[in-house]
Amino acid sequence: THTHTHTKKKAEKAKLEPESSRGQLQSTCYACRFFGLMIASPLSTVLYSTSGPDCIVRIMAFLPLCMLPLVYYLKELRVVNNAAAVADAGSFCSGSDDDDDDELIVSATTKITQPFDNNYMNATTMNVKSAKEQCHEIWTTVCSRAVWQPMIFVYIYNLLQVGNAAWREYLKSVLHFTSTQLNALLIMAYILLYLGVITYKYFLLTWSWRTVYVLVILLNGIFSALQLCLITGYTFGLSPFVFALGDDAFGDFLEGIQFLPITIMMVHLCPSGSEGASYAMFTTVCNSAINLSVAISTVMLGIWDVSKQTLISGDLSGMMKLTILTTMMQTSAVLFIKLMPNTKDDLAHLHKASYSGSKVGGFTFLAIVLLSILYSIVVAVLNIFKPGWSGESR
């Protein structure tokens, strides 16, 4: 619930940004988020090594409680869709200093939570839509070509980022990476993820979305292919750990760069008044594709023998083939780049293009998302209750 509330507020406020600084709010929010991950990762590693898991569990239970006092600073505006509300709101927004105007309370139970902002009040709180109206508006939104075409690209892109699910086992069993070294890979990943977001915020924010994605896809293909060098033992004179550290880290750096264009585009797609529900649905599209990608990577373990025993025996042929296949799949996303608009202006053109408003497009879009979620759930359940069902443990 708190994640949805945060997402809703962020999407609503991002739509109020002036065109000259559009995207700055989101990039700042996500930079703060990834900065927190960057700090928490090494801290948790040290605490786990010195105090054990009990300390980590206690901290995870206690720290969220520290957020409760901050709830006081969230003021509520209660509104309804009637003339009295508009009249009262007009008085409120005109600058009345009456203490009773700290909250606009009308005969309704519908609430919205937003910082006090005159422009926001004028533009948004005068029309609070019901759940049925928001669902209808979302359906109209997904039927627009300006929505389903770029979101199809987002879905395909995330779906094709299939990783080598046997990679961690290879690092641990063949290269004998310790738990500390594996944690160091994770720490470096969060650091480079944060730096990727910062790089986009300050250097690439004005670039076209399509250019950013072409660059990221091609560079990701190069770094993914470098895993073959590690498997064959050709690491350019570097130790396997240093080579793996750089390879994984730069992959996460690119992930940080490509993350923000999607979120900025999704805010442009959100209809006014339903920003929270729309943005949550768009992020669900991304997450469902990512979860399906993970499920596919698990199924692909059965294509070639990459079991722990085979890797330890020195037979790395299956590992090589699986790495080549996943690299080709990740890079193939560039073939669908035409589905991605260049800028927000292209979104407006798509809205007026042919097949915009197609119910078939909207239904197909939602069906793919729901089936992806269902498939991911089925694979996760099978992995728990029937390990090795796809043949990956042979």
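Author: Cys286 has a relative accessibility of 10% and so counts as buried; buried means under 20% relative accessible area, exposed means over 50%, and partly exposed is in between, for a 1.4 Å probe and protein chains only. The model is a predicted one, in which local features need pLDDT of at least 70 and side-chain atom pairs count only at pLDDT 80 or more, while totals for chains, interfaces and linings use all residues. Residues are numbered from 1 along each chain as its sequence is written, and side-chain values use heavy atoms, with hydrogens and water left out.

Cys29 is partly exposed, at a relative accessible area of 26%. A disulfide is a covalent bond between the sulfur atoms of two cysteines; here a pair counts if the sulfur atoms are within 2.5 Å. The closest cysteine sulfur to that of Cys29 belongs to Cys32, but it is 6.7 Å away, too far for a bond. Over the whole structure, the search finds 0 disulfides.

Next come the helices, which are DSSP runs of H or I with at least four residues, numbered from the N terminus. Helix 10 (residues 209-232) has its axis 10 Å from that of helix 11 (residues 240-269). The two pack at an angle of about 160 degrees; axes are lines fitted to C-alpha atoms over the stretch in contact, and angles run from 0 to 180 degrees between N-to-C directions. Helix 10 and helix 11 are therefore roughly antiparallel, the word for angles over 145 degrees. Their crossing is left-handed, meaning that the near helix is turned anticlockwise from the far one by less than a right angle. The contact of helix 10 with helix 11 holds 19 nonpolar, 5 polar and 2 charged residues; Ala, Val, Leu, Ile, Met, Phe, Trp, Tyr, Cys and Pro count as nonpolar, Asp, Glu, Lys and Arg as charged, and the others, Gly among them, as polar.

Helix 10 itself has 24 residues and spans 36 Å from first to last C-alpha, close to the expected 34 Å, which is 1.5 Å times one less than the number of residues. Just after helix 10, Gly233 has a positive phi of about 90 degrees. Phe236 is exposed, at 51% relative accessible area.

His176, in the loop between helix 8 (167-173) and helix 9 (179-204), is not a glycine either, and its phi is positive, about 60 degrees. His176 is exposed, with a relative accessible area of 60%.

Definitions and conventions
Parallel < 35°, antiparallel > 145°, perpendicular 65-115°, else oblique.
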